[in-house]
Amino acid sequence: MINYGGKIYNTIQIGDQWWLRENLQIGIMIPGNRDATDNGVIEKYCFNNDSVNYRNYGAYYQWNEAMQYSTIPGARGICPEGWHIPTNEEFQKLCDFV
C-alpha cells in the first residue's frame, strides 16, 4: 500500500511488475472544457465534471499533465515517489503476461 496525497492506494504484482490497483485521484479538478496547464499544480478531470465520479473511478489526465511536461519515457509524472508512468514496453509486457 502507498499513501499519496492523503489517499491509500493498493498495489498488485502482475508477473514481475508492480502496479497500482486503483486509478490515481491526485490533483485539483478543472472543467472538462479547459486544458491543463504547466503551472506546477496537478490538474485532473472528472467524468461529467462530477467529483463523485473520480472518487469511484479515478480521474482523467491529459498526457502532458500526467507526465508533468516531461518527454522522457518512464518519467515519474504525477505518480507517487518511487513510481512512474509506464513506458510502452512496460505496458506491452503487462498485456503479454495477462
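Residues are numbered from 1 along each chain as its sequence is written. In this predicted model, local features need pLDDT of at least 70 and side-chain atom pairs count only at pLDDT 80 or more, whereas totals for chains, interfaces and linings use all residues; side-chain values use heavy atoms, without hydrogens and water.

The structure holds 3 salt bridges (a side-chain nitrogen of Lys or Arg within 4 Å of a carboxyl oxygen of Asp or Glu). One of them pairs Asp-16 with Lys-93, with the closest N and O atoms 3.0 Å apart. Asp-16 lies in the loop between β3 (11-14) and β4 (17-20) and Lys-93 in helix α3 (residues 88-97), so this pair ties together parts 77 residues apart in sequence (helices, H or I, at least four residues, and strands, E, at least two, are DSSP runs numbered from the N terminus). Glu-43 bridges to Arg-34 at 3.3 Å between the closest N and O atoms. Glu-43 is buried at 2% relative accessibility, while Arg-34 is partly exposed at 40% (buried, under 20% relative accessible area; exposed, over 50%; partly exposed, in between; 1.4 Å probe, protein chains only).

Lys-44, in strand β6 (residues 43-44), is buried yet has no salt bridge; Glu-65, the nearest side chain of opposite charge, is 11 Å away (Lys and Arg count as positive, Asp and Glu as negative; His and the chain ends are not counted). A polar atom of the Lys-44 side chain lies 2.9 Å from the backbone oxygen of Gln-25.

The largest nonpolar core comprises 12 residues, including Ile-2, Leu-24 and Ile-85 (buried Ala, Val, Leu, Ile, Met, Phe, Trp, Tyr and Cys residues joined through side-chain atoms within 4.5 Å).

Definitions and conventions: A polar contact is a pair of N or O atoms within 3.5 Å; within protein, one must be able to donate a hydrogen and the other to accept it, and residues adjacent in sequence count only if both atoms are side-chain atoms.
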